[in-house]
Structures are given as structure tokens and as C-alpha cells.
Amino acid sequence: MHVADGYAYLCDMSRGLRIYDISDPENTELTGVYDSPGSVKDVHITGSYAFLADSHRDLRILDISDPTDPVSVASQDIPGIVSGVYAVEGADVVFVAAKGQ
């Protein structure tokens, strides 16, 4: 899970990424969904991009400038099972944790 700008971005494994508006904690609302082809294990938000660790060999990047309509803009095949991701803001660097080949 990652919280940014009044939204919570939750990894929902095989159901993808769920985006909740949490600006009013008394009335949280599901506002966006991205159904990933794999199983989302981790998410990191930097600016208007979400970086997903999609366990089935994939790093996926979403444009979340409109949280109600996340759009895949890039992906990268990663050897092994991807379980973690961290994007360094302003540095064009992404760290990915993966196990196996």
C-alpha cells in the first residue's frame, strides 16, 4: 500500500491495483481500478506514476494523473518472481526485488 495526495493505492494481488479516495476518512471511496495481468505484490507512487511489482515477471508503470482511470504506459520483463518496487523521485531510478530466474 502507498498513500499519496489523498489517495490510498492498495495491492489486491490477482485483482490488481485498487485506488481509494481517503481525503475524507469517514467516507472512503473506491475511485479507480487497474486489473494487472499478473498478481500485484507492491506499489510505489512517484509524481503521477504508479510502479507495480507484478509478480509474474513484470514491472508495470501506470499513469495515475487521473486516479479514476489508471492507464498502463510501460512495462519491463524482470526475470523471476517480482515482489517489491521502489522508485526514486526525480532520479529516474527504480529498484525491483525479484526471486529466482
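View 1. Arg 60 is buried, at a relative accessible area of 12%. Here buried means under 20% relative accessible area, exposed means over 50%, and partly exposed lies in between (1.4 Å probe, protein chains only). The model is predicted: local features need pLDDT of at least 70, side-chain atom pairs count only at pLDDT 80 or more, and totals for chains, interfaces and linings use all residues. Residues are numbered from 1 along each chain as its sequence is written, and side-chain values use heavy atoms, leaving out hydrogens and water. The side chain of Arg 60 meets that of Asp 58 in a salt bridge of 2.5 Å, N to O. Arg 60 also meets Asp 54 in a salt bridge, at 3.9 Å, N to O. A salt bridge is a side-chain nitrogen of Lys or Arg within 4 Å of a carboxyl oxygen of Asp or Glu. Asp 58 counts as buried because its relative accessibility is 8%. The structure holds 4 salt bridges.

**View 2. Asp 54 is a buried residue of strand E6.** Asp 54 lies in E6. Strands (E, at least two residues) and helices (H or I, at least four) are DSSP runs, numbered from the N terminus. Asp 54 counts as buried because its relative accessibility is 1%. A polar atom of its side chain lies 3.2 Å from the backbone nitrogen of Gly 38. Contact means heavy atoms within 4.5 Å.

View 3. E6 (residues 49-54) and E7 pair in the antiparallel sense over 6 bridges. Two strands pair if DSSP finds at least two bridges between them. Asp 54 stands opposite Asp 58 in E7. The hairpin of E6 and E7 has 3 residues between the strands, and Arg 57 in the turn has a positive phi of about 70°. E7 and E8 also run antiparallel, joined by 6 bridges. Here Ile 61 stands opposite Ala 74 in E8. E7 (residues 58-63) is mostly covered, with 5 of its 6 residues buried. In a regular strand the side chains alternate between the two faces of the sheet.

**View 4. Asp 12, Arg 15 and Arg 18 form a network of salt bridges.** Asp 12 and Arg 18 meet through their side chains at 3.5 Å, N to O. Is Arg 18 buried or exposed? Arg 18 counts as buried, at 11% relative accessibility. Asp 12 is partly exposed, at 25%.

**View 5. Cys 11 lies in strand E2 (residues 7-11).** Cys 11 is partly exposed, with a relative accessible area of 24%. Cys 11 and Ser 39 are 28 residues apart in sequence, yet 8.5 Å apart in space, C-alpha to C-alpha. Beyond four places in sequence, the contacts of Cys 11 include Met 1, Leu 17 and Val 43.

**View 6. Asp 5 and Met 13 have positive phi angles.** Asp 5 is not a glycine, yet its phi is about 55°. Asp 5 lies in the loop between E1 (2-4) and E2. Asp 5 is exposed, with a relative accessible area of 72%. Met 13, also not a glycine, has a phi of about 50°. Met 13 lies in the loop between E2 and E3 (17-21). Met 13 counts as partly exposed, at 40% relative accessibility.

Key: A polar contact is a pair of N or O atoms within 3.5 Å; within protein, one must be able to donate a hydrogen and the other to accept it, and residues adjacent in sequence count only if both atoms are side-chain atoms.
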